[in-house]
Amino acid sequence: MAFHGWKWLLLLDRQNFFAKAWSSRRGGWKRCCHWSAGKSLDPEVKAFLEENTEVTNSGHLTPEIRLRLLTPRCRFWREKPDLWPYGDPFWAIYWPGGQALSRYILDNPRVVKGRSVLDLGSGCGATAIAAVMSGASQVLANDIDPIAGVAMILNCELNHLNPFPITIKNIINSEAGNWDLIVLGDMFYDEQLADGLHQWLRKCIRIQQTEVLIGDPGRHQFLSHSIHSHLHKVIEYSLPEYTRQENHGLTSSIVWSYQPSNGSEDC
């Protein structure tokens, strides 16, 4: 099965696999759950990712950022998915919501300049990288997949940046961190996860006055969720042709500001 078909399976299966992972890993990984700039990478994992991904800055909204992604020129675009040894590589796809957030931050550095930023569900790390490039004072990337953490460090190196801290545990429903800004893209693909995000983000705003920006290309699960009534459209981007083809007809992606009303009840 080509990865093109495998990617479609990822799109379909993501809500089952990934949502269960987010809901079940409340205690974090038993393996290393935090990377910092000085931490060494597993040489075997590093070599595998370098061999089986392509460095690219084309086909997406942020040509300023180079990323290791799975492309048609990669072995696993054609190889059987079960030969990939590290679990489903959601991080190897530059999803449209993340593209929109990254583009917005690069075009509007004032949004992050001098501020602390949490990139939730960071994946390939592009939005966190955009925040660093735009002058954020502190950036933390969060993803529950430890291989995503390795990929983010490699992507930092590609862009001549010191790796930012990366936490690999489910922080949803944890105490509200003192962040100026939380950014998250492409996270609303499951109702249970969306409910948890809605409540946790609301708590962060209520307790810490955190600003929240959400990137999404208009998936049904996102548009139909009650959180949508608390969103204000910031900007909409037309997706490049390559990204459209890889996302089965999605043509644009939007950055939303999440502004729940003070008097509304939790969902």
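The model is predicted, so local features need pLDDT of at least 70 and side-chain atom pairs count only at pLDDT 80 or more, while totals for chains, interfaces and linings use all residues. Residues are numbered from 1 along each chain as its sequence is written, and side-chain values use heavy atoms, with hydrogens and water left out.

Confidence to begin with. The average pLDDT (the predictor's confidence in each residue, from 0 to 100) is 85 for the chain, and 83% of the residues score at least 70. Residues 1-6 have a pLDDT below 50, and this stretch has 24 contacts in the model beyond near neighbours in sequence; a contact means heavy atoms within 4.5 Å. Residues 8-33 are also below 50, with 56 such contacts.

Now the make-up. The chain has 8 helices and 10 strands; these are DSSP runs, helices being H or I of at least four residues and strands E of at least two, numbered from the N terminus. Of its 267 residues, 55% are buried, meaning under 20% relative accessible area with a 1.4 Å probe, protein chains only.

Last, the helix pair. Helix α2, residues 43-52, packs against helix α5, residues 146-158, at about 70°, with axes 10 Å apart; axes are lines fitted to C-alpha atoms over the stretch in contact, and angles run from 0 to 180 degrees between N-to-C directions. That makes α2 roughly perpendicular to α5, a word covering 65 to 115 degrees. On the α2 side the contact uses Val-45, Lys-46, Leu-49 and Glu-50, and on the α5 side Ile-147, Val-150, Ala-151 and Leu-154.

Terms used. Parallel < 35°, antiparallel > 145°, perpendicular 65-115°, else oblique. Buried < 20%, exposed > 50% of the residue type's maximum accessible area, 1.4 Å probe, protein only.
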